[in-house]
Amino acid sequence: MSGELFSRRLPGIDFGPLLRQSREADARTVAAILARGRARDLTEFAALLSPAADERLEDLCRLSQAVTRRHFGKTIRMFAPLYLSNECVNICKYCGFSRHNAIPRITLPVERVVEETRLLAERGFRSLLLVAGEHPKYVSNGYVEEVVRRVLPFMPSVALELGPLETQEYLPLVRAGCEALVVYQETYHEPTYKDLHTAGPKKHYHWRMDTPERAYQAGFRRLGIGALFGLYDWEYEALALAAHSLHLTRTCWKAQITLSLPRMRPAAGEFQPRYVLPDRAMVRLLCALRLLLPHAGLVLSTREPPAFRDGLFTLGITHASAGSSTEPGGYTSFDPEAWKPTRAQEGEQFHIADERPPEVVAAAIRRLGYEPVWKDFDQSLVLSEN
Amino acid sequence: MSESIPNEPLRIADRTFSSRLLVGTGKFSSNERMREALRASGTGLVTVALKRADLSGKADPFANILEFLESDRYLILPNTAGAMDAEEAVRIARLAVAAGLPNWVKLEIHPDPNYLLPDPIETLRATEILVREGFTVLPYINADPVLARRLQDVGAATVMPLGSPIGSNRGLETRAQIEIIIEQATVPVVVDAGLGAPSHAAAAMEIGADAVLVNTAIAIADDPSIMARAFALAVQAGRAAYEIGPAESSATARPTSPLTTFLDA
């Protein structure tokens, strides 16, 4: 890694003119960027978020689709999240796992994780995202490492979305065979961040922000970042996320950067999203990211409803989840035929919007003229003999 | 319409191929369309990323790309895409042989996941190791004539310089370097990556490339089979022109008064 950490660079970015550009760019500016087919910097990226760009949305989508096809082909990489635990020491006002929410708490025993992973593998998944709340009890005792070792023989790609750790703590997880690390900043707006994260280690804004760099030093090959849209002004979040991606692309050059644009969903707790990222703006954002970062992975989760997902799949998305449960142990309670919950999922982080089973999503992707790719990584790349 | 123009066959290591078009298998909209396009291309050598295949021998229905490759029509050339250094490339190449694939390997080592540009140092190291282990090694390289010679020296079966970055469709942007590689080559030169149109492939063949490898331009075409055929014809045409030698084009206008008449006096 080279250069300074993103948390130190972010304060140096002058958001005023960028935000103005994202709201007031004129048609000529947008037309010039579209003619080049590439956003060269944050200012041009900002212009593609603007109402003037909305007037050219069809052209923007065509360009984004063409650029994505050149680099990723007509393919979508499929993955499934698997929630290991909803135990969490943080208080985050918007999150279903927040410490004060009265939901049933569980950390899955390793055997149960293996069982859940087998169900996902039978469904086709060869790429897994292990998700957990933030709790010291399963960080230090080798639990995650054990899980990874047990599932790798039948799950070639394993990514992690856990509470931020030190580089030293990531090393054994990389050695165990993990490919990727995902950590969302949630909101890049520091005052909002401090207001929403009132207790627990997550309240440390800078520590969280610099997690991808620590993960890179430990050897992860893919770094996932994202903002949770609904916590603050979407244009601000979009600009900061884009700046973060550009930074990581330059400093962590051996890692693929993937971006997620989750929008808030109903969850346990009282929190109501105060800001909205409208559908059309989300499409502009997706395409603008593609024209700024032609090689970045763009991830689409089941937070979005089926028709909207099907619309986005061919516009720039590279990775998609399907048939997800956001509750630890959720998959073993699914009806194996219909792949639907057989009981209320009280311990879930949020409720998904696209409830179609994986094979139905895959069929929809095929109908769009794209190949759902289940396996795109082999453990022999990361693991020396056995 | 004539179906094809006969070209001299292509020899790589101990094998002979009638087609000088190599095709890649990534980025297709379905395995079925890929299979059709490979047939239409008439290719004899098809490369596949091992990371997408099932190497466990369990016939995984969700990683079954190999089942769509017809080994009676063409030789399957496993590639090491995804490998970031020599160790990873060597490991996955060994695994491919253990899984019953040919001991030919297209070496792709790109630590940068964005432009997928090949690492010259790791590529040379991996070539040395794999050649020693009996592999037929076809390394993907930047268009670097010195590296090409170093790879020849350690036993690479071909060199595969890029025309422009993978997926860029920008054609023969490294033409001047590739011309030097061709001039100095003792093994076949296969121009790989960046060829976005049949005319790019024809141009590579006209300057004396032994073959080209095309993937993106075929895979993402609206009709991959027709595009595959178009590339096949362009390769044949370019090669035929190279074999007979194109008509000379005059670099300078002929002066009205000859400059050498004094020699006749």
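This is a predicted model: local features need pLDDT of at least 70, side-chain atom pairs count only at pLDDT 80 or more; totals for chains, interfaces and linings use all residues.

Mentor: Two strands are taken to pair if DSSP finds at least two bridges between them.

Trainee: With that cut-off in hand, which strand of chain A do two bridges join to S4(A)?

Mentor: The pairing criterion asks for at least two bridges, and two bridges link S4(A) to a strand that runs parallel to it, made up of residues 180-182 of chain A. Within this pair, Ala159(A) stands opposite Ala180(A). The strand asked for is S5(A).

Trainee: Which residue of S4(A) is the bridge partner of Leu128(A)?

Mentor: Strand S3 (residues 127-132) of chain A pairs with S4(A) in the parallel sense, over five bridges. The partner that Leu128(A) has in S4(A) is Val158(A).

Trainee: How many of the five residues of strand S4 of chain A are buried?

Mentor: A residue is called buried here if 20 or more other C-beta atoms lie within 10 Å of its own. Strand S4, residues 157-161 of chain A, is largely enclosed by the rest of the structure, because the number of its five residues that are buried is four.

Trainee: Turning to the interface, which element gives the largest share of the side of chain A that touches chain B?

Mentor: In all, 26 residues of chain A are in contact with 27 residues of chain B. Helix H6 (57-72), strand S13 (371-373) and helix H17 (379-382) of chain A are the elements that give two or more residues to this side. The largest share, three residues, comes from H6(A).

How values were computed. Residues are numbered from 1 along each chain as its sequence is written. Chains are lettered from A and ligands numbered from 1 in the order in which they are written. Two residues are in contact if their C-beta atoms, placed from the backbone, lie within 7 Å. A residue is buried if 20 or more other C-beta atoms lie within 10 Å of its own, exposed if 12 or fewer, and partly exposed in between; C-beta atoms are placed from the backbone.
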